[in-house]
Amino acid sequence: MAILDIRVLGDPILREQTTLVPEITDVLQTLIDDMFATMHAAEGIGLAAPQVGRSERLAVIQVDDAPLVIINPEIVSTAGRAKAEEGCLSIPEIYGSVERPERIVVRALDRNGTPFELEASGLLARCIQHEVDHLNGKLFIDYFSLLKRRSAAKDWEKEVGKYPNFIRTLEPGAPRPRKSRVRGEGSSEGAGESVDDGAER
Ligand code: ZN
């Protein structure tokens with residue numbers, strides 16, 4: 001399994017639409033394995049294909065012990081509202097509170113191409129929504145107020161220089177994921193696709 005480079009904010013691919021996965025291939029299986037390895041190396045809990053420079057409509061998630069692959073996902077219903085801090089593996093060091101539906105039902109294919117429907121709430125629901133947003137070119141900072149967006153942009157200006165060509169290369173031998181309750185997709189603190197678990201408290 002390979003650890004892939006992560007694209008950070010500024011790379012246009014993060015703003016592009018993804019395309020439906022037409023069939024499950026060996027190449028796709030390798031991509032899924034590599035995405036899990038990358039997410040774990042980054043101590044994240046979710047990672048979407050555009051974040052590794054790909055346009056497949058696919059994301060991997062691991063909020064608890066159960067790894068979840070969502071291919072061609074669609075959120076078919078939502079309920080409630082909840083606010084919690086999020087972060088993103090593609091926007092390291094930037095965090096902010098995002099309000100989203102508290103419960104969702106997502107329909108997708110698993111890695112074998114079998115359709116399933118999953119009801120989720122709390123952190124898992126938040127993470128799935130964050131990843132599905134990625135597949136539509138949307139980022140969690142888009143939910144910020146104008147004021148908060150400005151300050152995040154300013155903070156990001158200081159960070160982005162660390163990532164030449166908007167590429168974040170993970171160091172090999174990075175620790176395993178989720179030692180604490182990870183925040184979303186996780187960056188150094190485990191926040192990238194970070195959904196702070198503050199969410200659920
Ligand atoms: Zn993200």
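Reader: In which sense do strand β3 and strand β4 pair?

Author: This is a predicted model, in which local features need pLDDT of at least 70 and side-chain atom pairs count only at pLDDT 80 or more, while totals for chains, interfaces and linings use all residues. Residues are numbered from 1 along each chain as its sequence is written. Strands (E, at least two residues) and helices (H or I, at least four) are DSSP runs numbered from the N terminus, and two strands pair if DSSP finds at least two bridges between them. Four bridges link β3 (residues 58-61) with β4 (residues 68-79), and the sense is antiparallel.

Reader: What is the bridge partner of L58 in β4, and how many residues lie between the two strands of the hairpin?

Author: L58 has its bridge partner in β4, namely I71. β3 and β4 form a hairpin, and the number of residues between them is six.

Reader: Which residue of β7 is the bridge partner of S77?

Author: β4 is also joined to strand β7 (residues 103-109), by six bridges in an antiparallel arrangement. Within β7, the partner of S77 is V105.

Reader: In what order do the elements of the protein run?

Author: The protein has three helices and nine strands. From the N terminus on, the order is β-α-β-β-β-β-β-β-β-α-α-β.

Reader: Is helix α2 largely enclosed or exposed?

Author: A residue is buried if 20 or more other C-beta atoms, placed from the backbone, lie within 10 Å of its own, exposed if 12 or fewer do, and partly exposed in between. α2 (residues 122-135) has 14 residues and reaches 21 Å from its first C-alpha to its last, close to the 20 Å expected at 1.5 Å a residue, where the expected span is 1.5 Å times one less than the number of residues. Because 13 of its 14 residues are buried, α2 is largely enclosed by the rest of the structure.

Reader: With which residues is A59 in contact, leaving aside neighbours within four places in sequence?

Author: Two residues are in contact if their C-beta atoms, placed from the backbone, lie within 7 Å. With those neighbours left aside, the contacts of A59 are G46, L47, A48, A49, I70, E131, H134 and L135.

Reader: How is the exposure of E93 classed, and why?

Author: E93 is in the loop between β5 (82-86) and β6 (96-100). Although not a glycine, E93 has a positive phi of about 75°. Because E93 has 16 C-beta neighbours inside 10 Å, its class is partly exposed.

Reader: What value does pLDDT stay under over residues 187-191?

Author: pLDDT is the predictor's confidence in each residue, from 0 to 100. The mean for the protein is 90, and 86% of its residues reach 70 or more. For residues 187-191 the model has 19 contacts beyond four places in sequence, yet pLDDT there stays under 50.
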